[in-house]
Structure formats: structure tokens, C-alpha cells
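Q: I would like to learn how to read helix packing, strand pairing and salt bridges in a model. Could you take me through one case?

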Amino acid sequence: MNTNSAYPKIVLALGGGGARGFAHIGVLQVLKESGIRLAGIVGTSMGALIGGTYAVGTDLYYLGQLVEYLGWEDLIDLRLPRLGLIDGVKVQTLIDLLTKKKCFGDTFLPYWAVATDLFSGEAVIFKEGPLAPAIRASISIPGVFNPVEVNGRILVDGGVVAGVPVTVAKEMEGDLVIAVNVGFDHTQHQINSVFDVLSKVLDIMGNRLDESQLGLADLTIAPQLGNIGTLHFQRAKECIGIGRAAAERVIPELQQRILEFQKKGLVSYTS
């Protein structure tokens, strides 16, 4: 085996976190700049959106500029509360644009998106068909976005079952699964209203769920996003920078693990 060309199969598990998920852009930029070759991406919520956009070949630096200057307030179509405060039609248009209306089979590397079946509580893993409906389902935060019906199932945010989809990423049978956790630190929450109480409880529950997922990852990248909130879309540039810094910190360890795989001959494919 030629260790100069052999390379481990590296799979990314990109977690959800609303605007905090813009940090994924910075992480992906640094991985690419460092010559790290990815073999697959699995995304939940904002991780599904950023991962899918990257998987269709969108330039990461163009994407960074786009989210920095995009008028996110123009994408919110409020509605009378029924199943969600935001209808999501405008967001669907944006997803169509970012994914170029492509299908899972059109991506340049394997890419899956995770959503949740609202009735069964099961994880729904999208691996085929159009990208846009799958991503729209994956980002449907319960109570905020109107749920999405796909193939007869009512779907909401994948973060309900897998905030950081490590177990799903392992189904890609990679040699190294890297988790990118942009979840909110519940200790940052101030409690001033009943909504703050509910938000804090949901964050605690989500963090507990993520802990079990993160424990299965071979390596975790955790951008230190502090008090940046789920809806702080105006802080996109800051999130991207924090994501870059977090990725840069783990590059030496990741490169060492790649070298160890090559020395042991534990590789999945060659370039």
C-alpha cells in the first residue's frame, strides 16, 4: 500500500444551533486550507444547510460573504400561530438557491441530512431525492418554523433527536468521525421570563442528548461561541471567525491521527 496516496475516510457530523451554525463555514474553510480530504458530511438543522450547500460545490468564501450581508429579516414570513410562527416559504427559496436545486446524487461527496418525524419521534435520514425539502425539514425548529410534510411524514428539526448527528455519521463507516458542536451553552442563559425558563430547559435537554453523541466521536471541534444566540444572524462574520479558530486548534491532532492511520495501513481508499 502506498502511504503517500492512502488516506483515511473522514466524515463530518455538523450540529444544529441556528445562527451559531455559521461557525461551520469557518471550520470547513480551515479543513480545506489544511488539505484535509473529507469523505462525507452528515448535518442537522443549520449543519444540514451549511453541509448541503458545501456538498453541491458552493465556494466557502462566497458563502461566508453571502451570509454576512444577507438581510435575514427579509426571509422571515410571520404567520398567525398554527403549527409554527414562520411559514418558511422565503427560507425555502433561499435553500433552493444555495443548493442549486440539486439532488443528493449530485453532490461531490456523500451527504446526508437529519430530520425528526413529529409523530413517531424517529430520526429521518435523507440520502436521496431533492436536497431542498430535506434541508427545509431539518431546520424546522419546533414552534418557530412550520413543520414540513415529506413523503407523507410531518417533519421537524433534526436536533430533536440528534443535535450533533454522530451516530448517523458513523453509518457512513468512516475511519474518523469528527463532530462539530455549535450548541448553546445553557449556563449563558439569563432567566427573566417564562420563555427564558423554557429556553433554558430545552438547552439543558439538548446538551444532555448531545453529550451521548459527542462521546462517540473520534474528534470534536467546539467553537467557543459564548453568548451568540440562535437568532443572532447579524453576527455571522463573528461566528465564521470563531469556527476558523476552533478548527485551527485541532488541525495538528487531526493531522497526527491521519499519519497514524497511514503508518498502520488502516485506510479506506486512495487518492
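**Reading the model**

A: The axes of helix H3 (residues 60-69) and helix H8 (residues 236-264) come within 8 Å and cross at roughly 145°. The axes are lines fitted to C-alpha atoms, over the stretch in contact for helices, and angles run from 0 to 180 degrees between N-to-C directions. Helices (H or I, at least four residues) and strands (E, at least two) are DSSP runs, numbered from the N terminus. This is a predicted model, in which local features need pLDDT of at least 70 and side-chain atom pairs count only at pLDDT 80 or more, while totals for chains, interfaces and linings use all residues. Residues are numbered from 1 along each chain as its sequence is written, and side-chain values use heavy atoms, with hydrogens and water left out.

Q: Which residues make the contact of H3 and H8?

A: Two packed helices are described by the angle between their axes and the distance between the axes. Here Tyr61, Gly64, Val67 and Glu68 of H3 meet Ala236, Lys237, Ile240 and Arg244 of H8, where contact means heavy atoms within 4.5 Å. These residues divide into four nonpolar, one polar and three charged. In this scheme Ala, Val, Leu, Ile, Met, Phe, Trp, Tyr, Cys and Pro count as nonpolar, Asp, Glu, Lys and Arg as charged, and the others, Gly among them, as polar.

Q: Which way do the residues of S5 point?

A: In a regular strand the side chains alternate between the two faces of the sheet. In strand S5 (residues 111-117), Tyr111, Ala113, Ala115 and Asp117 point one way, and Trp112, Val114 and Thr116 the other way. Seven of the seven residues of S5 are buried, that is, under 20% relative accessible area; exposed is over 50% and partly exposed in between (1.4 Å probe, protein chains only).

Q: Which strands pair with S5, and is each parallel or antiparallel?

A: Two strands pair if DSSP finds at least two bridges between them. Strand S3 (residues 40-44) runs parallel to S5, with four bridges, and Ile41 stands opposite Tyr111. S6 is antiparallel to S5 over four bridges, with Thr116 opposite Ala123. The hairpin of S5 and S6 has five residues between the strands, and Gly121 there takes a positive phi near 80°. S9 is antiparallel to S5, joined by three bridges, and Ala115 stands opposite Asp157.

Q: How many salt bridges are there?

A: A salt bridge is a side-chain nitrogen of Lys or Arg within 4 Å of a carboxyl oxygen of Asp or Glu. The count comes to six. One of them joins Asp117 to Arg153, with the closest N and O atoms 2.7 Å apart. That pair links S5 to strand S9 (residues 153-157), 36 residues apart. Asp117 is buried at 8% relative accessibility, whereas Arg153 is partly exposed at 30%.

Q: Which other residue forms a salt bridge with Arg153?

A: Glu122 does, at 3.1 Å from N to O. Glu122 lies in the loop between S5 and strand S6 (123-126) and Arg153 in S9, so the pair ties together parts 31 residues apart in sequence.

Q: Where do Glu253 and Arg257 lie?

A: Both are in helix H8, four residues apart, about one turn of the helix. Separately, Glu33, Arg244 and Glu248 are linked in a network of salt bridges.
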